[in-house]
Amino acid sequence: MQFVPIGSYDNYIAAHIAMGRLEEDNITGWLKDENTVTIDPILSNAIGGIKLMVPAIQAERAVGILRKLENEHKALHPCPKCGSLNIELVSSPHKTSNWARVIIGLFITSYAMPVEKIMHCFDCGHEFAPDKPVPESPG
Ligand SMILES: [Zn+2]
C-alpha cells in the first residue's frame, strides 16, 4: 500500500492526537521519524518534524478530517484581541532569538526548545502564544 504524508508535527503528542482522530474514522496511519524527533527535538526542525503518513487512497479524506479538527480547535481559541478566527500558526523566523535559544538550550539542558511558533491574527495583526494540543475527547 502506498502512503503519503499529510502533515508534520513538532511533538509526538500532537501527532498522536491527530492519528488517533483519524483512527476514529477508520483511517490507519503511522508516524514517520517519530523516534528521531522524540530522542532529539533539535533534529525535529532539521528533518521537518514527525510526519503523519496515511494510505494514499484515504489521504484526501484524512486531510479533510484534520482540517475540521483544526477549525474546531481554532473556534475555541479566537484572537484574544479582536475575536477573529482568521488566525494561523506560523513560525517566527523574524525573531532572531530563535537560534540563540536553541544553542543556549544545548548547553543548559538536554532538552532544547523547538523553533518558536506563534498564532498570527490576519485581521488585527495580533500575535499570541498557541495553546497546548487539543486534549483527546473521552470515549
Ligand atoms: Zn485579532
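Me: How are the donor residues of the zinc ion spaced in sequence?

Reply: They follow the pattern C-x2-C-x38-C-x2-C. This is a predicted model, in which local features need pLDDT of at least 70, side-chain atom pairs count only at pLDDT 80 or more, and totals for chains, interfaces and linings use all residues. Residues are numbered from 1 along each chain as its sequence is written, and side-chain values use heavy atoms, with hydrogens and water left out.

Me: What makes Cys79, Cys82, Cys121 and Cys124 donors of the zinc ion?

Reply: Donors are N, O and S atoms within 2.8 Å of the metal (3.2 Å for Na, K and Ca), and the SG atoms of these four residues lie 2.3 Å from the zinc ion.

Me: Why is the arrangement called tetrahedral?

Reply: Four donors count as tetrahedral if all angles lie between 85 and 135 degrees; the 4 donor atoms here subtend angles of 108 to 113°, so the arrangement is tetrahedral.

Me: How do you know whether Cys121 is buried or exposed?

Reply: Buried means under 20% relative accessible area, exposed over 50%, and partly exposed in between (1.4 Å probe, protein chains only). Cys121 has 0% relative accessibility and therefore counts as buried.

Me: Why is Cys124 called partly exposed?

Reply: Its relative accessibility is 35%, which falls in the in-between range, so Cys124 counts as partly exposed. Cys82, with a relative accessible area of 41%, is partly exposed as well.

Me: What makes Asn26 count as exposed?

Reply: Asn26 reaches 63% relative accessibility, and therefore counts as exposed. Asn26 also has a positive phi of about 60° although it is not a glycine.

How values were computed
Four donors count as tetrahedral if all angles lie between 85 and 135 degrees; four count as square planar and six as octahedral if opposite donors are over 155 degrees apart and all others between 65 and 115; anything else is irregular.
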